[in-house]
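Please look over the chain shown below. The briefing covers its helices, its overall shape, and a few charged residues.

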Amino acid sequence: MTALRETGMPLSEIKRYVELFKQGDCTIPERKQMMVEHRAKVQEQLSQTLKHLEKVNYKLALYDVMLNTVHFP
């Protein structure tokens, strides 16, 4: 379940997922719901990361403008 760990899924949820997997196909709906909920969390994190990136890029653009207008000795 390394793939789930790489997605940032908490260990407690991974353990739950593994237990469900071991129980067989009757748990497919529950496992799917876990993935739906985890996807929503990952999407929110991605959205926040993109907002942070926008702020960093804005700041860098300001520095570019300042460097092009200020003359250094």
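In this predicted model, the cover over the buried residues of helix α3 includes helix α2, residues 11-23. Those buried residues are R31, M34 and H38. One of them, M34, is also touched by R16, a residue of helix α2.

**Helix α3 and its cover**
- Helix α3 runs from residue 28 to residue 69, a length of 42 residues.
- From first C-alpha to last, helix α3 reaches 61 Å, close to the 62 Å expected at 1.5 Å a residue.
- R31, M34 and H38 are the buried residues of this helix, and α2 is included in what covers them.
- An α-helix has 3.6 residues a turn, so residues three or four places apart point the same way.

**Helix order and overall shape**
- The chain contains three helices and zero strands, in the order α-α-α along the sequence.
- The radius of gyration of the chain is 22 Å, whereas a compact globule of 73 residues would have one near 11 Å.
- Along the principal axes, the C-alpha atoms fill a box of roughly 70 × 20 × 15 Å.

**Surface and charge**
- Of the 73 residues in the chain, 14% are buried.
- The accessible surface is about 6300 Å², and carbon and sulfur atoms account for 61% of that area.
- There are 11 positive and 9 negative side chains in the chain.
- The centres of the positive and negative sets lie 2 Å apart.

**R16 in helix α2**
- R16 belongs to helix α2 and touches E30 and M34, leaving aside residues up to four places away in sequence.
- Is R16 buried, exposed or partly exposed? R16 counts as partly exposed because its relative accessibility is 37%, between the 20% limit for buried and the 50% limit for exposed.
- Between R16 and E44 there are 22 Å in space, C-alpha to C-alpha, and the two are 28 residues apart in sequence.

**E6 in helix α1**
- E6 sits in helix α1, which spans residues 2-6.
- Why does E6 count as exposed? The relative accessible area of E6 is 66%, and exposed means over 50%, so E6 is classed as exposed.
- E6 and K55 are separated by 49 residues in sequence and by 26 Å in space, C-alpha to C-alpha.

Technical notes: Residues are numbered from 1 along each chain as its sequence is written. This is a predicted model: local features need pLDDT of at least 70, side-chain atom pairs count only at pLDDT 80 or more; totals for chains, interfaces and linings use all residues. Side-chain values use heavy atoms; hydrogens and water are left out. Helices (H or I, at least four residues) and strands (E, at least two) are DSSP runs, numbered from the N terminus. The radius of gyration is taken over C-alpha atoms; the globule rule is 2.2 Å times the number of residues to the power 0.38. Buried means under 20% relative accessible area, exposed over 50%, partly exposed in between (1.4 Å probe, protein chains only). Accessible areas come from the Shrake-Rupley method with a 1.4 Å probe; for residues, only the protein chains shown count as cover. Lys and Arg count as positive and Asp and Glu as negative; His and the chain ends are not counted. The place of a charge is taken as NZ of Lys, CZ of Arg, CG of Asp or CD of Glu. The expected span of a helix is 1.5 Å times one less than its number of residues. Contact means heavy atoms within 4.5 Å.
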